[in-house]
Structures are given as C-alpha cells and as structure tokens.
Amino acid sequence: MDITLKELAPLLGAEIKGDPGIIVSGVADLQGATKNDISFILAPKYMAAAEKSQAPALLTDSVEIVSGKTMLKVKSAKAAYVKAMSIIMAKPKKQPRISPKASIPASARIAQGVTIEDFAVIGDNASIGENSHIGTFTTIGDGASVGAGTVIYSNVCVYAGCSIGGDCIIHSGTVIGADGFSFIEDNGALLKVPQIGNVKIGSGVEIGSNACIDRAAFGSTKIGNHVKIDNLVHIAHNCEIGDGTIIIAQAGIAGSTKIGSGCIIGGQVGIVDHVTIGDGAKIGSQAGIPGNVEAGAVITGTPARPVMQLRKAEAYMMKLEDLFKRVKALEISFKEKK
Amino acid sequence: MDITLKELAPLLGAEIKGDPGIIVSGVADLQGATKNDISFILAPKYMAAAEKSQAPALLTDSVEIVSGKTMLKVKSAKAAYVKAMSIIMAKPKKQPRISPKASIPASARIAQGVTIEDFAVIGDNASIGENSHIGTFTTIGDGASVGAGTVIYSNVCVYAGCSIGGDCIIHSGTVIGADGFSFIEDNGALLKVPQIGNVKIGSGVEIGSNACIDRAAFGSTKIGNHVKIDNLVHIAHNCEIGDGTIIIAQAGIAGSTKIGSGCIIGGQVGIVDHVTIGDGAKIGSQAGIPGNVEAGAVITGTPARPVMQLRKAEAYMMKLEDLFKRVKALEISFKEKK
Amino acid sequence: MDITLKELAPLLGAEIKGDPGIIVSGVADLQGATKNDISFILAPKYMAAAEKSQAPALLTDSVEIVSGKTMLKVKSAKAAYVKAMSIIMAKPKKQPRISPKASIPASARIAQGVTIEDFAVIGDNASIGENSHIGTFTTIGDGASVGAGTVIYSNVCVYAGCSIGGDCIIHSGTVIGADGFSFIEDNGALLKVPQIGNVKIGSGVEIGSNACIDRAAFGSTKIGNHVKIDNLVHIAHNCEIGDGTIIIAQAGIAGSTKIGSGCIIGGQVGIVDHVTIGDGAKIGSQAGIPGNVEAGAVITGTPARPVMQLRKAEAYMMKLEDLFKRVKALEISFKEKK
C-alpha cells in the first residue's frame, strides 16, 4: 500500500523532520531498502549504513539527523517499524479454504473463516475457532480445541483433549500433549505412570518449531497468555508458565515447575522439577536451576548464582595458578624464616 | 468401573483402615478428586491438602490416618495408584481400524488387530505386529518392523530397515534411523560416510517427542528393553543403551558410546563418543561426560566429577575473593616482618 | 557388484600386499564382514579384531600386515573404505516416481527425474530440481526451491520462499524457515516483529533430524556450501554459517551471529546473538560463547576459554579445599610467630 509520511506519522506517533510528502510502499532494513521503502536506524553506530541506504525516510529514536534523509522521530524505532510494517505491508488475507484432502469428521466443529490445508487431520469432537489456520500434516486430536485467529503450521501434533487459545502461532513440528515422562520402580521394573491430564495454552502465545509441551499426569500443564516459546524447548508435565514469559531456544523445564509472569528464561537453560521461579526473574543462557528463584532475580551459571557474583568467582578461578604459586612461596619463605 | 474398596484392596496388596464398603469409580489427585474417586497421599507434607480433598479414601505409605478418610495402607502409594488406575480406569480399547486413506503396499505384513490411522505410510515389506497402532502422518520405512502392542503416535519416521520391539510407545515427531553424522576430510572436502546399518529397539521401550535415534554406520544402534527416553534426546549412530536405562529430556549421546543397564542420564547431559558408562551410573543434569564412567558412579558437572566433590569445590570457588585477600594480607605481613 | 582387488586398488590409490585375485562384493567393518567383503583396520589397537575378521582383505593406513589377510595400503583407510562403498555397494537408483497421492499444484515446476512420495505437498510456484527426492509428509512452501539431486526425507517443512541448493540431504522432522523469535516490549505488551526474510541454503549441505533453521527478519539466514548440521540444532534468524562448517547435535546459535568457514561447533554449544566466530574456530561441546571468537581459536567452557587454560583452572579448582587449609595454616603460624 502506498502512503505519504504525512499520513503515516500520526499512526506511529512520529514527528517528521523533512519532507512529509514522500510516498512509501514498504518497510526494509537499511541495506535492503529501495527508494520506495521507509527504513529505521536503531542506534547511532548504524550512521554510515543509514547514509548509504536508498531509503528516503528513516524512523529513529536515537539520532537527530541523517544527511539527505527525512527523519521520523518516534519513542521506539523498533516498535515503530513493526507497526509501520503492519500498516503498509499487511498481506491480503487469503480466502479461507478447507481442503477436500483433509480428514474432518462430522463431529468436529469448524467455525467460519477457517483454513484447513491438505492432509490435515481433525479429531472427533475437536473444535476449530473462527479464522484459524491448520497447516498440512497437522493433527488436532480428539476433543482438542483451537481458538479463533490461531495459526498452526505444518506437522504439528495437538494430542487429544488439549486446548489452545486464540491468536496463537504454533510453528512446524511442535508437539503438544504427549505423555509426561514418569515411571516408578515396582519390583525392579519401570511402571509407566498414566498421564491423564492435558495441556491448556492461553491466548496470544507463540511457540517455535519442534518444541515439546507434555500433558499433565492429572489436571493441566498450563501455558499463560502471551507466553513466547522458542524452538526445541521442552516443557514437562504439570508445569505452569505465567503470562508474558519468554523461554528461549532449547531450554528445558522439568515436571511441575512453576514459572511466574514476565520472566525471561535463556537459551539452553535447565530448570529442575517442582520448583518455583518468581515473577520477572531473568535466567542467563545455559544456567542450571537447582531450586526456587526469587521474583526479579537475575542469575546464571550451573548451579545458578547472581550474575555479578558468578562472573567475579570465575575471574578468580582463572587466576588460581598464580595463587597456588603465591601460597607455595609464602610457605617456603615461612619455613626458611623459622 | 465401579469397585468397592474391599474388592480393590487385595488387588493392590492394601490394608483397609475404615469403611471397606466405599465404592469408587476413578483415581484422581487430592485437588482433582470427587466423592467417587480414590486418591493418594504421597508424603506427610500433603496432609492439609488430603484433609481438604473430596476423595473418601486415600492410598498411603507414609501417613497413618487422615481425618474423615478411609485409608488403604500400601507398600508404595505411587505404585498403588498407578495400579488402581489400570484397574478402575482402563480405557475401552477402540476397535482396530485401518484407514482407507493410509498408504499400505501389498508387500507389507499387517497382523491382526492393528490400527493404522489416516495418512500413515507403510513401506514395502514392512511388518506391523498384532494390536499395534500407527498414527497419522507416520512413516514406517521399507523393510522396517514394529512389534506387537506397540503404539506409535503421529508424525513419527521409522527409516528403512529399522526394528522396534513389542509394547513400545513412541511419541510424535520422533525420528528413528536417520543417517549418523559422519564425515571425513578428503583433500579439503567433507566426504559423507555412508550409514548402512540400522536401529534396533527392544521391547517395552518408551520414547518421547521429537527425539532422534540415528542408524549405525555398520551394524545397529541398539536400544535395550524397557529403556525410557524423554523428549528431544539425541542418540547418535552405533550407540548401545542397556536395559531399563532412563534418559531424560534433551540429553545427547555421541557416536558409539555404550551405556549400561539401569542408568539414569539427566536432562541436557552430553556424553562424548566412544565411551562406556557402567551399569547403574547416575549422571546429573547438564553434566558433560568426557570419558568412561564406572558402574554405580554418581557424577555431575562439566567435566563431570563425583557430586559431593564438585559441590564442595564450587562452594570454595565462591569464596575465592576472600582467599585472594587473605593471601595478599599474608604477603604484606610477611614483607613487613622481614 | 563383484570386483577383484586388482581392479579395486587403482580406484582407491592402494598398494596390494597379498593376493590381487581376491574377489569382493561388499564393504563391512571387521566384526560384520563375511568372506566376500573387504574390511578396514583404522588403528593398530584393532589388530585382534582384524585377525578374527572373516574379511579376506583389509584397507589400512596404520598397520603393515595382519596374518592371513591381503592388505591394501592407502593414505586414509577411512576415506578408502568410503570410496570402496560407493564403488562396490552403489544402490541401484530407484525409478523416479511422482505419487498420485502427493499434492502438486499446476504452478509448481517439477524437473526431470524427480521422486515425490505419497502425501508430499508442493506449494504454488515452488521449484523442484532434477533428480531430487521429496519424502512423505514433507511440505515445500509456496515459492520455495529445491536444487538438483537433493534428498529431503519425511516430515520436513520448508516454509514459503526458502531456497535449498543442490546435492543436499535433509533428514526427517527438520524445519526450515519458521519465524525468527523476536518480540519487543511496547507499553507492557510483547509485539511480534514480523519475519519477512527467508532461509538460503547452499549446495552439498547435510542437515540431521528435527533441526530448526529460522527465516530472517529481513534478508536471509544463510547456510553456506557443504555445511553439515546435526540433529536438533537450532539456528536463529539472520545467522550466517560459512562453507564447510560442522555443527554438532543440539548446538544453538542465536540471532544474527556469523560463523566462518571450516569451523567445528561442538554438541550442545550455545552461541549468543550478534557475534562473529572466525574461520576454522573449534568450539568444544557444551561451551557457552558470550562474544566474538578469533579465527582458528580452540576454546571450550562456559564462558568459553582456551582449552588448556580452562582445564588447568578446573584442576586447580578441585584442589581448593587443600589451598584453603594451607592458607589457614599460614595465618595461624604467622599469628603464633608474632
């Protein structure tokens, strides 16, 4: 869509410095922009790239002027460019379409505006909300439900009885509701503990590719609203993840652990079972969390400790050779003295 | 199914304290139980929850009495509730059904009682054992075999020539028999080493979602009987995993490593290639195993060490700042003394 | 295929010590070989196994003679056996076949010699190169392209607009081109940053099972030629991986990080976003990389450090209890002296 900067600026809360009559039809980064795109400069260090960019106009929150460019001053350049994309580059919604090659039983409830791609399988009594999208080779199990406006890509498995809220995005290969991993020893054999609960996912959740969220033994594994889960994350049975928490790629959360809202769990973090992570905690990449974490804590390492404390200890550790030599020297001097 | 405690108790080896005439029709945890459910108290710390529970009867191995409840004293409350579930809540087995939408060649051998869901693909000369279940979008490769009573969920790939024993459970997205990862440098290029072996999985094995078990270069990657493998685990080519070993989520085992029987491999553990882990070894979460591990060892850390030894060293490490100061003070005092 | 050692030797650059008239029809390891197979001894420690092997002839680069065997002396026994396999055991290429059960729109361009298995889905305007193979339940998105001679196994998702070069191998469950993981806070909510770029994969690339390579926010996530990526690897949006780099299982590379050519990234390694790893760097398993890494560096640990330096510091760390005692003793002696 073509739009003048004069029309665009109020939609972004932007102040124009330059030519408000410029017409743009796309949003692009500095390198990729053409004369028809608005671009953005996210920090002063990108000044040289900004000057070289073909974009006639730049969103900025950190730079006053770039020579030859019309500037749109905003509170957050990143938020502004995302909004500009949604305004300028909104894709025409494809016509909803239910493929005749999909497998849909009579008992399934399919709302208006739904797209179901080739070879998707919908279970008995499953429910698919308005305007949602079910990708190729995706299975929605018996009695499972998908909220309105949710997009599920290809090869996703939603096991029987699980529910997914509205406006979610679930990427390919993700598995929701497989059995939690639970066995008990019984006379030397491993007895499987039945997993008769389910998974309940809130609204506005995004889940990356090949993630695994297991169903509860009893009750539900619960993912709150607006939780964002990256690729290859493992969430075990009976976990609860609070609203707006972000879990980065390859992290693993063991069974029955409760994570508060607004937390950031770094990539490849491991958290043991049955612990509580307070609201707003930030856990550094690869950390190993052996117990409860207080709200607002900023920790890292295995076992995890406050970041500054750990970094200091590590620095001392790398100087140990010297310390051992100094102690040896003291011992010798002391002995000689005697 | 409705059952009196009097009928149930001998099946669980339980001693009743209270009313043997109570009828139950389900098993549930303390919070979820209704008046028709038997529940269980796994430790004295759940006393308050037990008292509040609606369940009229409780399985216990740790508590004598909960006021107002009939108690069923057992050796293991957890094993007893699992058994109670299999007695009371056994699902009526669905009628076996081979979907006309599945792709099944004439050369495949499909035993009695098999269910093959929509859009499953069975390879040439593949063999599917009695009463087994093949999920949607699952591929059983040419010449592969699946034992009796095995359940394979959706989107599983079993590559050509691999074999899976009886009474196994394989969750969605798991890949069995992809090529091992092996390349050699040859005049500066990377030459792929053909992987002409297969994967052989024993009986009673459970594998979680999105796990990967690679085929052998020669011979077989071997998974023993009753091995339990969690989500997102990686098992490289030519590994051998002994009977009853448990491998927790996101662990990775490099090529040709042999793990004994009855081991517990923690979540996110990494084990290098070509080493041997003795029977009954327990390896803590996130540990990195650079060499052989003795039978029965209990180790953790990267590189892994005996747990108590590592924890002690870590505690000293966190006190290094103080130690450096003390050595500095000694050095100054000593110099002054001279 | 039957071949005499006399015919085989020049193809492998081998010098025969023994009977050049021996005919072999297969390649196998020492244990698995029959009288009709050529085998190989990769190191002197396998001498006993070599003597017991049924193979009449052995490739070697480390052993002069094994009693009773004809030896073929080569520069690299491993490279030679791989080449011997491609000569002797080349599989007869299956007839190309496009399944009538696959979903292929008129707008897709399918070259000569392509095999498309049952229930594969090809997108609008997608392009599939000569002699390539598309497995069951694999989706090639709208406008995506696959080069000549590439083999894509089952349940792979290639999102719209991504491109894969020629002679690649992509194993089951791998997802190429899902959205990068990017959100910004905007008035307390998490705003999704649209990911309008794609993934471009070079030629000769192999990718294992259940790996994830995310599409770029703008531009392309780039995987160079001959890159080898193992199972369960995560490569975030806008990463660039140089030619011939090897990334071992379960490693994760965060957004916009650039890895040079000829690098080896160990299993379970984590690399933060926006850093540069120089050509030929080798990063040990489970390492955590918090910043740039110089070309040719050999590092490990979290945070990563030069291998020898880290190993030394760890060794000192395990002796800290002793050091604390020695310092305490010095302090006491010194006080007594005063």
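A few ground rules come first. Residues are numbered from 1 along each chain as its sequence is written, while chains are lettered from A and ligands numbered from 1 in the order in which they are written. Since the model is predicted, local features need pLDDT of at least 70 and side-chain atom pairs count only at pLDDT 80 or more, whereas totals for chains, interfaces and linings use all residues.

Two copies of a chain are related by a rotation about an axis and a shift along it.

Next come the places where the chains touch. Between chains B and C, 43 residues of chain B are in contact with 44 residues of chain C (contact means that the C-beta atoms of two residues, placed from the backbone, lie within 7 Å). On the chain B side, the elements that give two or more residues are strands S19 (175-178), S20 (183-186) and S21 (189-192), along with helices H4 (307-317) and H5 (320-337). Helices (H or I, at least four residues) and strands (E, at least two) are DSSP runs, numbered from the N terminus. H5(B) makes up the largest share of this side, with five residues. Sorted by class, this side of chain B has 25 nonpolar, 13 polar and five charged residues. In that sorting, Ala, Val, Leu, Ile, Met, Phe, Trp, Tyr, Cys and Pro count as nonpolar, Asp, Glu, Lys and Arg as charged, and the others, Gly among them, as polar.

The contact between chains B and A takes 45 residues from chain B and 43 residues from chain A. On the chain B side, helix H3 (77-88) and H5 each supply at least two residues, and H5(B) gives the most, with seven residues. The classes on this side of chain B come to 17 nonpolar, 19 polar and nine charged.

Zooming in on the helices, the axes of H4(B) and H5(C) come within 9 Å and cross at roughly 45 degrees. Axes are lines fitted to C-alpha atoms, for helices over the stretch in contact, and angles run from 0 to 180 degrees between N-to-C directions. H4(B) and H5(C) are therefore oblique to each other; angles under 35 degrees count as roughly parallel, over 145 as roughly antiparallel, 65 to 115 as roughly perpendicular and the rest as oblique. On H4(B), the residues B:Lys312, B:Ala313, B:Tyr316 and B:Met317 meet C:Leu320, C:Glu321 and C:Phe324 of H5(C). This contact has five nonpolar, no polar and two charged residues.

H4(A) and H5(B) pack with their axes 9 Å apart, at an angle of about 45 degrees. That makes H4(A) oblique to H5(B). Here A:Lys312, A:Ala313, A:Tyr316 and A:Met317 meet B:Leu320, B:Glu321 and B:Phe324.

Inside the chains, there are sheets to look at. Chain A has an open sheet of nine strands in the order S10-S13-S16-S19-S24-S27-S30-S33-S36, with parallel pairing (two strands pair if DSSP finds at least two bridges between them). S10 (121-122) and S36 (288-289) stand at the edges with a single partner strand each, so one side of each is left without a neighbour in the sheet. Within chain A, S16 and S19 pair in the parallel sense over two bridges, and A:Cys157 has A:Val175 as its bridge partner in S19(A).

In chain C, five strands form an open sheet of mixed pairing, ordered S2-S7-S6-S5-S4. Four bridges join the parallel strands S5 and S6 of chain C, with C:Thr60 as the bridge partner of C:Ile41. Helix H1 (residues 5-12) of chain C packs on the sheet, touching S2, S6 and S7, and its direction makes about 20 degrees with that of S7(C).
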